[in-house]
Amino acid sequence: MRFGHWVLLLGAVLVGLSGCGGPAAGADRKPQAGPSPTRWPAATAGGACQLLDFDQIASVVGTSFDVAAASQTGATYTCVVEQTRAKLPDLSLSVTSTQADVGIFKSTVVPAGAAAVADLGKSGYSATVPPAAGAGPGVEVGWLSGNQRLITLRLRTPAGSTTAGTAALLPKLVTLARQIDMTTV
């Protein structure tokens, strides 16, 4: 390489390094303003969360959620969706394979006092759930799907929620259950 090329190369390196010195070198810099990150889809949590969509839940139920967690115990897959900064309300979905028929479902799975829900799987029910420690009343929809799954969808409200307000959520949860059932057939 000729001397002139070395001078040009050295000059380019020095120009490139010139921004690395000075008082700002190594100092903490503020992050650049830009678009805020979006929430991950519920389905990315896997398991039963693959049957849930945050926008669909918000549209049907009227409550927004933005975090999802999935779990599996044996043949049961579950998903819980919550709000980032609040433990309740939450919405849970559980799905279990079964050999049960409609008769067994009605006699052993459907809780006492539950109402039958037409046009939901092979057989469906809806029920209110009494308040529990740290939680207000809730609503639940369960059904035996066309592809032999026991599916339960439950919405719990924060402590102090009224029973009347929670009962108004039941038809909305039934609508969501019907939409979920369409994806499991």
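Begin by selecting arginine 154 and glutamate 140, whose side chains form a salt bridge in which the closest N and O atoms are 2.4 Å apart. Arginine 154 belongs to strand S7 and glutamate 140 to strand S6, so this pair ties together parts that are 14 residues apart in sequence. Please bear in mind, here and at every later stop, that the model is predicted. Is glutamate 140 buried or exposed? Glutamate 140 is buried, with a relative accessible area of 8%, whereas arginine 154 is partly exposed, at 29%. Side chains of opposite charge can pair when their charged atoms come close.

Arginine 156 lies in strand S7 and aspartate 90 in strand S3, so the parts tied together here are 66 residues apart in sequence. Aspartate 90 is buried, with a relative accessible area of 5%, while arginine 156 is partly exposed, with a value of 30%.

Next, select leucine 91 and display its surroundings. Leaving aside neighbours within four places in sequence, leucine 91 is in contact with several residues, including Ile57, Phe65, Val80, Leu153, Arg154 and Leu176. Leu91, Leu153 and Leu176 are the residues with the most contacts inside the largest nonpolar core, which has 29 residues. At least two residues of this core come from each of helix H2 (54-61), strand S2 (76-83), strand S3 (86-97), strand S6 (135-144), strand S7 (149-158) and helix H5 (170-184). Which of these elements gives the most to the core? H5 does, with six residues.

Now move to helix H2 and colour Phe54, Ile57, Val60 and Val61, which are buried. These four cover an arc of only 140° around the axis, which puts them on the same side of H2. An α-helix has 3.6 residues a turn, so residues three or four places apart point the same way. The buried residues of H2 pack against strand S1 (67-73), S2, S3, S7 and H5, whereas the face turned away from this buried side carries the exposed residues Asp55 and Ser59.

Finish with the two ends of H2. At its start, a side-chain oxygen of aspartate 53 reaches to within 3.1 Å of the backbone nitrogen of aspartate 55, and just after the helix, glycine 62 takes a positive phi of about 90°.

Conventions: Residues are numbered from 1 along each chain as its sequence is written. This is a predicted model: local features need pLDDT of at least 70, side-chain atom pairs count only at pLDDT 80 or more; totals for chains, interfaces and linings use all residues. Side-chain values use heavy atoms; hydrogens and water are left out. A nonpolar core is a set of buried Ala, Val, Leu, Ile, Met, Phe, Trp, Tyr and Cys residues joined through side-chain atoms within 4.5 Å. Buried means under 20% relative accessible area, exposed over 50%, partly exposed in between (1.4 Å probe, protein chains only). Contact means heavy atoms within 4.5 Å. A salt bridge is a side-chain nitrogen of Lys or Arg within 4 Å of a carboxyl oxygen of Asp or Glu. The arc is that of the directions from the helix axis to the C-beta atoms. A polar contact is a pair of N or O atoms within 3.5 Å; within protein, one must be able to donate a hydrogen and the other to accept it, and residues adjacent in sequence count only if both atoms are side-chain atoms.
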